[in-house]
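Hi,

Here is the structure I promised to send over. My notes follow below it.

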Amino acid sequence: MAKYFFHDENPLGRRIGWRRSRTTDIEIVGVVKDAKMFSLRDKPLRVVYTPFMQTDEVSAQTMYVRARGDAATVAAAVRQAAQRVDPNLPIFDMKTMARTLDESLFVERMVAALSVAFGGLATLLAAIGLYGVMSYSVARRTREIGIRMALGAERRSVLWLVLREVAAMVSDGVAVGVPLACALGRIVQGQLFELSAQDPVALFAAAATLALVAVVAGYLPARRATRIDPILALRYE
């Protein structure tokens, strides 16, 4: 608020008033850092803090206690201290700052957990599908692999022959998936907390993870192809 109304000028000692009243009987005696009042997702608001004893209308108050030790013990001590001041003073909704933050980020964390679960399931299905495709491809090329090995092809070259198809599939998938992820990232941008939907580290990590899963899923059929007996492969129909 100080930056909005006074820019780079020193606001200390300046006087302001409320709403449309022309009375400027409020003197600025300090400036605090910006704060998020209701939710961590909200942008900092322009706020004025007034002394409690000078407030005309008083409703509920929020008090913060910095303490060490068990939260339940601290809460009991706070209640006892308040009752010594006024036995009729109601105290409710006592909780730690950690719990307050957890409640504020409950929706975000739930969405994140569901995203991780569905992402893991999608990765598993992709690995199973890739394994099935590569197994079918190796089975169809059994005779070809047998001929190559009968003509002197090394197991390493046969392994690379199969893994090359996996590399081509992964490259095509990444080439299509990354631009789509960047384009669709704007849809989920509102669900991200202080993160960018086009984070290069996240995109690289996702692509590397899928590539690793694809290589593992394709390695098993490729390894099985290197163990094909050339004599049996030549007889394969």
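At 44% relative accessibility, E27 counts as partly exposed (buried is under 20% relative accessible area, exposed over 50%, partly exposed in between, with a 1.4 Å probe and protein chains only). Its side chain meets that of R15 in a salt bridge, 3.6 Å from N to O (a side-chain nitrogen of Lys or Arg within 4 Å of a carboxyl oxygen of Asp or Glu). The pair links distant parts of the chain, 12 residues apart: E27 sits in strand β2 (residues 26-27) and R15 in strand β1 (residues 15-16). Strands (E, at least two residues) and helices (H or I, at least four) are DSSP runs, numbered from the N terminus.

Before you read on: this is a predicted model, where local features need pLDDT of at least 70, side-chain atom pairs count only at pLDDT 80 or more, and totals for chains, interfaces and linings use all residues. Residues are numbered from 1 along each chain as its sequence is written, and side-chain values use heavy atoms, leaving out hydrogens and water.

In total there are 6 salt bridges. R109 pairs with D102, with the closest N and O atoms 2.4 Å apart; R109 is partly exposed at 46%, and D102 is too, at 38%. Another one joins K95 and D93 (3.8 Å, N to O), and D93, K95, R99 and E103 are linked in a network of salt bridges. D93 is exposed, at 56% relative accessible area, while K95 is partly exposed at 32%.

Cheers
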